[in-house]
Amino acid sequence: MNNTNHHTEEISTERLIVRRGQPFTITVSFSAPIHNYLRQLKRTSLIVQTGSHPSKADGIQIEFPISSLGDKKQWSTAVEEQDPCFWIISVNTPANAPIGQYALLLHASKSHRLLGNFTLLFNPWCQDDEVFLANEAQRQEYILNQEGIIYWGTENAVLAQPWDFSQLEEDIVDICFMLLDVGERHQRDKDHTQRKNPIYICRTVAAMLNCDEFRGILTEYGTGQHANGTPPSKWLGSSPILQQWVASHFKPVRYGQCWVFAAVMCSVLRCLGIPTRVVTGFTWAHNTNSNLSVDEYYDEDGTLLPQDKSARVWTFHVWNECWMARADLPPGYNGWQALDATCQEKSKGASFCGPAPVKAIKEGDTDVDYDVCYFFAAINAKCQVWIQKTDDTLKPAFGATKYTGNNISTKSVGSERCEDITHHYKHPEGSLQEKEVLDKAYRKIQKLETTSISSETQFSFIPTALEEPVNLFIHLQSKSSLTLGQDVPLSIDVFNHSGGEKATQLVVGAQALHYNGVPITQLWKEEFHFTLKSNEANSLQVFVPYSQYRRELGENHLLRLTAVLKDEDSFYVYFAQEEISICDPPLAIEFPENMVQYQPSTVKISLLNPLFEPLEKCVVVVAGRGLIYRQRKYRLGSVQPESSRELQIPLTPIQAGPRRLTARLTCLQLQNLKSYKTIDVAAA
């Protein structure tokens, strides 16, 4: 009953796993009737201790008497029921006790007897715990739900991929405490009392996730890096990553990118009892070191040029939010805290960011701990486009300012719907509140720069807006997402607003792109020359053939479409861009109409090949907690052009309730085709 009362029964029914600030009961049995021990039991107490070298002086070994009335705010115990051969004892844990793996001992007279071990976690059900979350539906989602969705793609075409957090698997709780132990050894931090603080736990876990801090759990995936590891897109959940890390004696697992860091972070923090969710933001200014201006450089054909500078605009970025009170800050900053485990290039301090109060990010309170300034810059920076000419001189491109921090999204509570939470981070664009926040942030920045030349956070102002000649205007549009195999349609509109005739050159191009803004290769371009009369418009419809992008699409299937318009009289350059996702063909999952616990069923998975070429060496991996034991792999061979293949999967569900089946297909042409579907399994 203890684990059920403490919402840990899914982790284990054999081990005692409890949450702080909430009593649990134990039964002490005696080998003979209790009246034989009355002298020894006159002065009895319990001892709880954690850590490798517990001591009372360090505050991680506590002794307290067995009484008839326990103090609910402290470590205490009370006898609930007495019998000649056993006692039932209620043990109270303080709501600010360090989390950890504890030993429980009985001290009677001069002897000590180990009663057993228990694990103590944070308690979002307890009002006195710093991680208390009042809403039960949110607690179910952000602590107990193991099946997540992570968003990616572009701001105009948000795509979903499934993730199995696995935080309630029994071995994961032990791995989480191993992770804390290893992190504290690297930091030479032996103070286990710090584990009472969720801020400390969040920062320790974030430091352990990336390899810039010590020897972390994951190695970050570099551009085109495949050797001796798993590409980030192939992971289906956190459990294999954490288990591999332990099995390899704590060597970093290859490989992770931002969504993998955030997903594993979510698993660990949920397991330890901190309400956590995964958040995706689109058009994210990364590694700005708090600079509010980012530059992108293109050649005269509109090809994005590689940069030596680490600061660049990412198509999307994934981080975490964790829920807690912030007693270390002035009032008003409790609630969701942003936490980013992806490596940052910072002038000083750790390579991760947070926890930063989301409220502080929204209000521009850039001096608040931790790292609010970095989150603020990432979602409020402006990106200026520059054209590099053949003589290496740079010209500003007009009409090309890009704004960051768009469509910030997370999985909604209790459903698989995408929830837009941009309003948690930013005031409405163009509103008076937004202007006031930006002005306040700039004032704080200026004060910071003037008071501390070698400050940890050096902001730069957004440069004065370029004086833009209102002569020509260019607009580029395409479908936000297309299925692999389709030609990409582009619509370009050019307007001449000047009082005279304009001779123009237009170059339209398509480039494959990594999600972190690193260019892969230029795939296609087309050049046009035309003359526009005063107030005349010209519209063009062109297509990027599938044959031009099929070989060099990149693992994230992102294309950047560009249009560079040059005024041949004044040599002014105008620029427009659009990013689109190329989606994999559908992998359909079909359940029978009804599924009942412990009754054999068959699930059908079908793949339609829309291409004019066969999909070769197709392998389908399926997984589903409560539906299938571990992962299963099926080899499909080849799927012929414009045809489909079906796969019949026998399974017997062993758990009732909503259950998700996830399928991933890999072949020579596709590496990241995932699908998922949830069914409600009826109880037997």
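In this predicted model, the structure holds 27 salt bridges. One of them joins D301 to K525, whose closest N and O atoms are 2.6 Å apart; because D301 lies in the loop between β14 (293-299) and β15 (312-324) while K525 belongs to strand β27 (residues 519-532), the pair ties together parts that are 224 residues apart in sequence. D301 is partly exposed, with a relative accessible area of 23%, and K525 is likewise partly exposed, at 46%.

A salt bridge also forms between K440 and D365, with 2.9 Å between the closest N and O atoms. Here K440 sits in helix α11 (residues 432-451) and D365 in the loop between α8 (358-363) and α9 (372-380), so that parts 75 residues apart in sequence are tied together. K440 counts as partly exposed at 24% relative accessibility, whereas D365, at 11%, counts as buried.

In the pair K604 and E646, the closest N and O atoms of the salt bridge are 3.6 Å apart, and the link runs between distant parts of the chain, from strand β32 (residues 601-608) to strand β35 (residues 644-651), 42 residues apart. K604 is partly exposed at 23% relative accessibility, as is E646 at 48%. Beyond such pairs, E296, K402, R560 and E579 are linked in a network of salt bridges.

The serine is S45, placed in strand β3 (residues 44-50) and buried, with a relative accessible area of 8%. Its side chain makes a polar contact of 2.6 Å with the side chain of E63. Leaving aside neighbours within four places in sequence, the residues in contact with S45 include E63, F64, P65 and I66, together with L105, L106 and H107.

Methods:
Residues are numbered from 1 along each chain as its sequence is written. This is a predicted model: local features need pLDDT of at least 70, side-chain atom pairs count only at pLDDT 80 or more; totals for chains, interfaces and linings use all residues. Side-chain values use heavy atoms; hydrogens and water are left out. Helices (H or I, at least four residues) and strands (E, at least two) are DSSP runs, numbered from the N terminus. Buried means under 20% relative accessible area, exposed over 50%, partly exposed in between (1.4 Å probe, protein chains only). A polar contact is a pair of N or O atoms within 3.5 Å; within protein, one must be able to donate a hydrogen and the other to accept it, and residues adjacent in sequence count only if both atoms are side-chain atoms. Contact means heavy atoms within 4.5 Å. A salt bridge is a side-chain nitrogen of Lys or Arg within 4 Å of a carboxyl oxygen of Asp or Glu.
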